[in-house]
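Welcome! Let's get to know this model together, one question at a time.

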Amino acid sequence: MIPKEITIGAFTFKVELVREIIHNDSRLEGTAVDGYVFYDRGIIQILNSLGKMTEQTFWHEVIHCIDKVYNADALTDECTVDRISQGVYQAVKCLYPEDWK
């Protein structure tokens with residue numbers, strides 16, 4: 001279950017499931033993304049076409065938010081974020097299976 005919003009530190013992020021993600025991030029130019037965090041607007045967007053990968057993508061973007069809020073000077077690389085988010089998602093599914101069916 002994807003929440004409508006999540007608070008990390010002093011920041012609350014609205015979560016939106018969308019058909020298309022349009023961003024101006026030059027680091028990702030030409031790259032298709034399944035999710036993206038708009039830090040300046042406090043919004044996490046996730047494609048609504050991901051099926052079972054929606055929850056995994058949600059946790060991936062949450063890890064980016066945690067990284068930005070608590071580790072802003074040394075942002076974690078994408079592969080590490082992906083591995084951490086997979087572990088967090090599996091742990092949450094085990095702890096709260098009814099919420100993640």
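Q: In which loop does His 23 lie?
A: This is a predicted model, so every answer here is read from predicted coordinates. In it, His 23 sits in a loop. That loop is the one between strand 2 and strand 3.

Q: Is His 23 buried or exposed?
A: The relative accessible area of His 23 is 18%. A residue counts as buried when this value is under 20%. His 23 is therefore buried.

Q: Which residues is His 23 in contact with, leaving aside its neighbours within four places in sequence?
A: Let's look around His 23, which lies in the loop between strand 2 and strand 3. With its neighbours within four places in sequence left aside, the contacts of His 23 are Leu 28, Thr 31, Val 33, Tyr 36 and Phe 38.

Q: Is Ala 32 buried or exposed?
A: Ala 32 is found in the loop between strand 2 and strand 3. Its relative accessible area is 75%, and a value over 50% counts as exposed. So Ala 32 is exposed.

Q: What pattern does the chain follow along the sequence?
A: The secondary structure comes to two helices and four strands. Read in sequence order, these elements give the pattern β-β-β-β-α-α.

Q: What is the radius of gyration of the chain?
A: For 101 residues, the globule rule gives 13 Å. The value for this chain is close to that, so the chain is as compact as a globular protein of that length. Its radius of gyration is 13 Å.

Q: Which residues touch the most other members of the largest nonpolar core?
A: In soluble globular proteins, nonpolar side chains tend to be buried together. Here the largest nonpolar core has 21 residues. Strand 1, strand 2, strand 3, strand 4, helix 1 and helix 2 each supply at least two residues of this core. The members that touch the most others are Ile 6, Phe 13, Ile 21, Ile 44, Phe 58 and Val 62.

Q: Which residues does Ile 44 touch, not counting residues up to four places away in sequence?
A: Ile 44 is one of the core residues that touch the most other members. Residues up to four places away in sequence are not counted here. Ile 44 then touches Ile 6, Phe 13, Lys 14, Val 15, Glu 16, Tyr 36, Val 37, Glu 61, Val 62 and Cys 65.

Q: What does Lys 14 count as, at 47% relative accessibility?
A: Lys 14 lies in strand 2. Leaving aside neighbours within four places in sequence, Lys 14 is in contact with Lys 4, Glu 5, Gly 42, Ile 43 and Ile 44. Its relative accessibility is 47%, which falls between the 20% and 50% cut-offs. Lys 14 therefore counts as partly exposed.

Q: How many Å apart in space are Lys 14 and Ala 91, C-alpha to C-alpha?
A: Ala 91 has its place in helix 2, whereas Lys 14 lies in strand 2. In sequence, Lys 14 and Ala 91 are 77 residues apart. In space, C-alpha to C-alpha, the two are 23 Å apart.

Key. Residues are numbered from 1 along each chain as its sequence is written. This is a predicted model: local features need pLDDT of at least 70, side-chain atom pairs count only at pLDDT 80 or more; totals for chains, interfaces and linings use all residues. Side-chain values use heavy atoms; hydrogens and water are left out. A nonpolar core is a set of buried Ala, Val, Leu, Ile, Met, Phe, Trp, Tyr and Cys residues joined through side-chain atoms within 4.5 Å. Buried means under 20% relative accessible area, exposed over 50%, partly exposed in between (1.4 Å probe, protein chains only). Contact means heavy atoms within 4.5 Å. The radius of gyration is taken over C-alpha atoms; the globule rule is 2.2 Å times the number of residues to the power 0.38.
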